[in-house]
Amino acid sequence: MKARNSTESRRILSRVSRLDFVGRVEELERIIQQAKPANAGRGMLLLMEPSAGVSELLRQAYDEIFNEHSDVVPIYFAFTRNERTAVSAAIEFLTVFLQQYIAQRRDEPALCHAALTLQDLVELAPPADLEWVEQLVDSYNRLRFSHDDKALVRFCLGAPQRVPGGHGRPFVMLDGAQLAEYLNGVVVLGREVLRVFGRSGVSFVLAGMRRQILEAAHDADCNFELLDILRLEQLSPVDARLLVEHVARRQRVTTSQEARDLLVQQFSGSPFFINTFLQAAREKKAALISYLDCERLYIDELLGGHIHRHFADLLEEMSPRLEVRQALIRLLWEAAAGKEQPSSFEVWRKRLRLDPDELEEVLHRLHVQEFVNWNGATVEAGGGPQAWTDYLKVRYRLDVLGEPRALVVADALTDSLKRAPHTMARHYKQKTRFGLSELVSHFDCQRVPAVLFDYASFSKKYKGVAETDVVTGLDSETDLFKLPQAVHVASCLAFSSEMSQVCEEEKCVIAHAFDEGTYTDAREVIWLAAQIDSKLPVEAALAEIWCERLETMSKSLGFRRYQIWLISKEGFSDEASQVVSRCGAYASNSSQLDLLAQRLGDTLLDPMESPGEVDEFLMVVPMGQDNELIAASTVEQIARRLTFKPEAINQIKTAIVEACINASEHSFSPDRKIYQRFRVENDRLVITISSRGIVPTNITGANGTPDTDETTEERRGWGLKLIRTLMDEVEFERVDEGTSLRMTKYLRQSST
């Protein structure tokens, strides 16, 4: 976007400055472009994932357009819970429309926030607009007392159409359309908005929950050729981290990197929950330094803070009656806890004791919020963010079971604390490797060595062979397998929630594909790929369980032709390989997976971490919980890209594990974290392991020189000695904030 001077960058409706508005750059530009003459008369449906946050995006767009001083007159209107009827909401829209129209025409932004009546607005109208504004208000006053509510609603919503040519082009942005759907009155306001604006010739944006907006557009019989679609999902991890930093700074909340990373993962990049949580931290003057700080505040929020009120309001809107809400909480929690399978509409009617019409209203609201999936006949619960699941659990225990509040609070806090390190460990692991879903999505009729899908043959040919020799051997393979073209890839959990009990979401995927890229029934094939968690080679019994599990899923889903692919880090026993072969499945270990990824190209590498663009990697892990294995996994991926031989890679991994253990055991670090820096240079890999806090004087001296004889240092001295034998250069020293261990491995010496 072009640079703007201080006058042009006035904040009018936006809550934060443009520089503090994180992410959504492309979405903001799309909305601004929608207001251009080339899109005159077109509408845009902004389909929002629940809690993805849309209001500030529209307010930023309003300010940008207002400050352009063009003939476009931006109008922003938010449906709120304060309006109880369609008529009152429509009247409020008319007032806001005239107020913002006149503010832009007079170039007086302050008018947008003034408390003005319609008569005040008539008096403030510029001379060029006075006649038509006065006529509009007179017509409204006559219709207001005609007792024709439907006509009044349509008149108010149609006000932008009454702007004469040459007096500015209104661009209307409507926020919170899902609220409009449930206002009382003779018209369903959400649909009426689409009917009026879809036929008005006025450019507009209608933002709301993605499920509700599309349904309303179909019900309103909209012309989709005149509608553009913009989808709004949660922020990426990078943007979410920036949002946490910016909001924390604005709210004057002290945070650590550890806490910021946790918030991003715990709230899945949701702008709504991140803003809400940090607002609560400011109100309670709470610093967020450790996991404990975060989880204490989180439990407070679930039990009585902003997050509690958010979910409580949603439940009350779904059912005003207390006894129905309690029955609903029981049903939803039992589903979230895995005790309930998808059930019929009739089962829900009996459990909630509701009339069919009442139940349809409840299920529709749950479906719009994506807490359940409802297709009219069956209801599948268990959806929603982690905060929703946690909220249901505490409400179930307090309201349904009547357990002591102190016990519920203590259990909720300890559960969330135990979950936090696992959440972060899973995140760090995902950052250091490509995902199975990403790998399979790159299947596009490439020819690859068939041995990459046959663990038994791969092990027989290449076990114990140096990696460079393996690559050479694969290049000379004549038995090639042509991959299908994958057209849709999703987690198995998206097809069957039962799979959540046996695997993580990213470790089992279903890919719809076509052999030869030929789109016919005969060529269609569904791949079911699963990574089996096992520290040892998979045995026959476990292989058989997975084959049967995926075969059963394929049959239940009606897959006519399918291919099972099992992956295990350490491979498969001979007996397990025979089981896999009898099932007609494929089998691979992690090495085969890595080699396949290399064959499919560098597009699988995260562009944020590609060694061609970035020569330094930073990572922070909590001490303990076997987190040194995360560091080892990270450095393994980096070393592989530098073409270190397997022996050298194992030496580097062992050294970093030993260094992390030593840091955990001998550091007095107050934050209990290990800071790691991996520096990639032309002929070497430099690893720095640091921890804050004071190290006892009898442990080490500067530059790795012990203060006492190594034999008196027990494990610490032995650990440093081992590290020195594994790495080419080792420097251990005290620094201002604690201790630092610098280890170097030369690429040219990787064979030693």
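**Close-up views of a predicted model**

**View 1. Strands β11 and β12 pair side by side.** Strand β11 is joined by 6 bridges to strand β12 (residues 508-514), and the two run antiparallel. Strands here are DSSP E runs of at least two residues, helices are H or I runs of at least four, and both are numbered from the N terminus; two strands pair if DSSP finds at least two bridges between them. S491 has V509 in β12 as its bridge partner. The model is a predicted one, in which local features need pLDDT of at least 70 and side-chain atom pairs count only at pLDDT 80 or more, whereas totals for chains, interfaces and linings use all residues. Residues are numbered from 1 along each chain as its sequence is written, and side-chain values use heavy atoms, with hydrogens and water left out.

**View 2. An open sheet of 5 strands carries mixed pairing.** The strand order is β11-β12-β13-β14-β15. At the edges lie β11 (485-491) and β15 (586-589), each of which pairs on one side only. Neighbouring strands are turned by 20° against each other on average, direction ignored; such angles, from 0 to 180 degrees between N-to-C directions, refer to axes fitted to C-alpha atoms, for helices over the stretch in contact. Helix α25 (residues 590-600) lies across β13 (524-532), β14 (562-568) and β15, at about 95° to β15.

**View 3. C492 and C508 form a disulfide.** Their sulfur atoms are 2.4 Å apart, the criterion being a pair of cysteine sulfur atoms within 2.5 Å. The link is left-handed, with -60° about the S-S bond. Because C492 lies in the loop between β11 and β12 and C508 in strand β12, the pair ties together parts that are 16 residues apart in sequence. Both C492 and C508 are buried (under 20% relative accessible area; exposed is over 50% and partly exposed in between, with a 1.4 Å probe and protein chains only). The sulfur of C503 is 4.5 Å from that of C508, its closest cysteine sulfur, which is too far for a bond. C503 is buried at 11% relative accessibility.

**View 4. The largest nonpolar core has 80 residues.** A nonpolar core is a set of buried Ala, Val, Leu, Ile, Met, Phe, Trp, Tyr and Cys residues joined through side-chain atoms within 4.5 Å. Among the residues with the most contacts inside this core are I31, L46 and L98. Helix α3 (residues 86-106) gives the most to the core, with 12 residues. Not counting residues up to four places away in sequence, L98 touches L118, L121, W132, V133, L136 and V137, a contact being heavy atoms within 4.5 Å.
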